[in-house]
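Reader: I am new to this structure and would like to go through it slowly, one place at a time. Please pick a starting point.

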Amino acid sequence: MDNQQQLPPPGPTGHGDEVEVRILTPHIAQPHFPTMQVTGYGLSLAITLIAFAMVAYHWIGLDTLVTVLVVMAFIQGALQLGIFMHLREAKGTLWHLPVLALALFIGIGIVGFSMWIMLFKSGVS
Amino acid sequence: MTMNPWILHLMKRLFPPQVLLPDIIGIDIGLTIAAIAAIVFLTKTKRWGWLWREWITTVDHKKIGIMYLLAALVMLFRGGVDALMIRTQLIAPHQHFMSAQQYDEVFTTHGTVMIFFMAMPMVFALFNAAVPLMIGARDVAFPRLNAISFWLFAFGAILLNISFSIGGSPDAGWMSYPPYSELMFDPGVGENYFLLSLQVAGIGTIATGINFLVTVLRLRAPGMTLTRMPIFAWSALITSSLILFAFPPLTVALGLTMLDRIFGASFFTLGHQGMPMMYANLFWIFGHPEVYILIMPPFGIFSEVVPTFSKKPLFGYEAMVASLLAISILSYGTWVHHFFEMGAGPGVNSFFGLSTMLIAIPTGVKMFNWIFTMWGGRIRITVPMLWQLAFVPTFVVGGATGVMLATVPADYQYHNSYFMIAHFHNVILGGTVFGLLSGLYYWWPKMFGWKLNHRQGVWACLLFVVGFWLTFMPQYFLGFQGMTRRMSSYPPGLGWTALNFWSTIGAYVMGVGFLIMVYNIIWSRIHPDWDTTGDPWDARTLEWSLPSPAPEYNFARIPQVHSRDEWWEMKQEGRTDEVKISEKTVHAIHMPRNTPMPVLLALAFFVGSIGMVFEWFWLAILGGLGVVAALAYGSFANYSEKEISRDTILQTEAQLGRLES
Ligand code: HEM
Ligand SMILES: [Cu+2]
């Protein structure tokens, strides 16, 4: 138990003297084999390789390719957030929602805008 | 004697003709002598152990801040020498001080060093020095990660800086646009250095962003609500979130270019359906927020400096926070203004032109806030305040010319001319650098315990500012007269000669200003004016309630915050004894232990990067294994904290005169 990280008390400023005491203690309270993490790692590698292969070896036509890639990107993002970023594990999950919304907003904005910007008929590419 | 062909090949790769110029060899010899002298000095004075224990393995944010600051000043020198070389080449028509190739290398290094290895670390230096202290914390949220960030930056900087003497400098500009930066047009290892060094330093930067985001959100002293937080802490919070969103696109752009150059992919190549323009798009998705990453911290610094030296609370705190937030959101929607000429349709260009102009509004709001703070205040002209006063007009001019550039049809004329060069130097030098130097003079006593001499500081500032205007005003007119950026020489008879001459003189004046600043630092170190009060400026925020420099644990007792400008209120209400401790109130404090893991991790990255730069994949794999080993060591090592006992704290605080009587 001594190695377990103490979660700071909830609330925006609830930080007294107790937390910096445990400032660096890693969270190693998992007695069982981390099946989920290993599966998640394998899956995210697989998705990356499949995406790469689809583009490199022209498995499917361009129109469907873009759709499939976008879908795979979402799965990849969900994997990372859910398994490795501990999205469901921390206390106060509600706090994550505005931050996630902002990230989604900026992420989708960047991709959407980039597609809009690059739509012109370029003489170079 | 016949030479082994393998060694011959290696020597050719390490020392191609472009690094065998007499001046470069001269610098190599000078640096080698300096390095030997340093080693001899450290050995003679038996300082190696001290260096290792006190600095290299430290996780203390105050020391990491000092290391960032020294590194940034060294890089300012290096980038400044590059700048003087550029200006010397352009002092008169048809100069051949450097070859065109060397000129390209020098301006590329200048831009890259100044943005990534001078301005960014100086920002982090001040974050580390001030933010934990002003929010009442004992360290950043992740002290070991903080050390990792620093060492990744340091080894990234070393990587870029050795390129000119080993293998050859990058030469494709600080943004390294393809197709020129691709293997086909730019063989050699220079561009690889650029890609790898920014990648390594960039990992550290993202980690710093996460660190300060969490620090500001989670480690504030009790009672310090977000709306009681000093604006500099706000700017650290917002800068960190900008970093978090802006750096990944850069990572992607650099990574894909690396795949192109080293593994024969064709993301941005001319052939094989590559799309060079996608690089410009990705780069500026990063690049525009990056310029705001550089200007937000100075905004925060001025919001501390102006109230302190006007003896008034900041005018319009809420407006200040709101405009910081507005700028951070807007700065994500303007990046196309860096490539209006690429050929996107009028819809795209109008949208981004308008969004760019919108940014000028919240920026203007802040200007008025500072001016109204000074209005009717009792202003003391100290060196930090002097830099602020110099900043106001320069930044107004920079912002106004920015709006001119955002006018799309006009930008077809201005783009990549000296007009644009003058614009961004107005905002980056006149904004970011003036702000950082203001912060340097402001927090210096807190970092080191002694003040910088006032008179020398004034001279450094005045010369720098005069030199600044003399350098960049002519460049606006050069832009109007058609001089484009990155010309390595120009013919006479175009009306450019006199303007270029004065611009170069201005650059030399700035150089003298910088030298006086260095003299100022060294002189003040030798004749220290000790800050015994901890509050030399009669300032307002919590860091000034501590002794200078703060003890290892910062606060013997975490303060309870009741208002904005808490320390000022304490002084007004005669509550300053609250920071003192007694036998009864003191507790033992646990602090993280030093660890060699950060520096070893960064070293492994460095070794691996050298492997990638020269395409020695065995070395790259070795470096990669080193990274994994360092991470594994970091995960499994025992991180029991060290305890600072009550007695030690009582003793330390008693020496500082901070025991309740
Ligand atoms: C009122 C605010 C600002 C506006 C409207 C503005 C607008 C612009 C525009 C339209 C350009 C592109 C010009 C061209 O390439 O033709 C530009 C370039 C640039 N701006 Fe600004 N800007 C503003 C503030 C800033 C600030 C605060 C910084 C940095 C601290 C900055 C740094 C730069 C840099 C580095 C470049 C050129 C990069 C390069 O091509 O190498 N700007 N600006
Ligand atoms: Cu921009």
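Author: Let us start with Pro549(B), which sits in the loop between strand S2 (529-530) and helix H17 (566-572) of chain B. Helices (H or I, at least four residues) and strands (E, at least two) are DSSP runs, numbered from the N terminus. This is a predicted model, in which local features need pLDDT of at least 70 and side-chain atom pairs count only at pLDDT 80 or more, while totals for chains, interfaces and linings use all residues, and side-chain values use heavy atoms, with hydrogens and water left out. Residues are numbered from 1 along each chain as its sequence is written, and chains are lettered from A and ligands numbered from 1 in the order in which they are written.

Reader: Okay, and what kind of peptide bond joins Ser548(B) and Pro549(B)?

Author: The bond between Ser548(B) and Pro549(B) is cis, with an omega of about -15 degrees. Another cis peptide bond runs from Pro178(B) to Pro179(B), where omega is near 0 degrees, and Pro179(B) lies in the loop between H6 and H7 of chain B. As background, most peptide bonds are trans, and most residues other than glycine have a negative phi.

Reader: So what is phi at His272(B), and is that residue buried or exposed?

Author: His272(B) has a phi near 50 degrees, which is a positive value in a residue other than glycine. His272(B) is found in the loop between helix H8 (231-263) and H9 of chain B, and it counts as exposed because its relative accessibility is 71%. The cut-offs here are under 20% relative accessible area for buried, over 50% for exposed, and partly exposed in between (1.4 Å probe, protein chains only). Asn416(B), too, has a positive phi, of about 55 degrees, although it is not a glycine. Asn416(B) belongs to the loop between helix H13 (408-414) and H14 of chain B, and at 26% relative accessibility it counts as partly exposed.

Reader: Let's switch to the metals. Which residues coordinate the copper ion (ligand 2)?

Author: The copper ion (ligand 2) is held by His288(B) through ND1, His337(B) through NE2 and His338(B) through NE2, at 1.8 to 2.0 Å. Donors are N, O and S atoms within 2.8 Å of the metal (3.2 Å for Na, K and Ca), and water is not among the atoms, so sites may look incomplete. Along the sequence, the donor residues of the copper ion (ligand 2) follow the spacing H-x48-H-H. His288(B), in helix H9 (residues 276-310) of chain B, and His338(B), in the loop between helix H10 (317-330) and helix H11 (346-374) of chain B, are 50 residues apart, and this pair links distant parts of the chain. His288(B) counts as buried, because its relative accessibility is 6%.

Reader: And how far is the copper ion (ligand 2) from the iron atom of ligand 1?

Author: The copper ion (ligand 2) and the iron atom of ligand 1 are 4.6 Å apart. The iron atom of ligand 1 has a single donor from the protein, the NE2 atom of His423(B), 2.2 Å away. His423(B) is part of helix H14 (residues 418-448) of chain B.

Reader: New topic: which residues of H19(B) are buried?

Author: The buried residues of H19(B) are Leu619(B), Ala620(B), Gly623(B), Val627(B), Ala630(B) and Gly634(B). They cover an arc of only 105 degrees around the axis (taken from the directions from the helix axis to the C-beta atoms), which puts them on the same side of H19(B).

Reader: What covers them, and what is on the face turned away?

Author: The cover over the buried residues of H19(B) includes helix H6 (143-162) and helix H18 (597-613) of chain B. The face of H19(B) turned away from the buried side carries the exposed residues Trp618(B), Ile621(B), Leu625(B), Val628(B) and Phe636(B).

Reader: One more on chain B: where is Thr208(B), and what does it contact?

Author: Thr208(B) is in helix H7 (residues 190-218) of chain B, and it counts as buried at 1% relative accessibility. Apart from its neighbours within four places in sequence, Thr208(B) is in contact (heavy atoms within 4.5 Å) with Tyr68(B), Phe124(B) and Ser149(B).

Reader: Finally, how many helices and strands does chain A have?

Author: Chain A has three helices and zero strands, giving the pattern α-α-α along the sequence. Of the 125 residues in chain A, 20% are buried. His58(A), in the loop between helix H1 (35-56) and helix H2 (62-84) of chain A, is exposed, with a relative accessible area of 62%.
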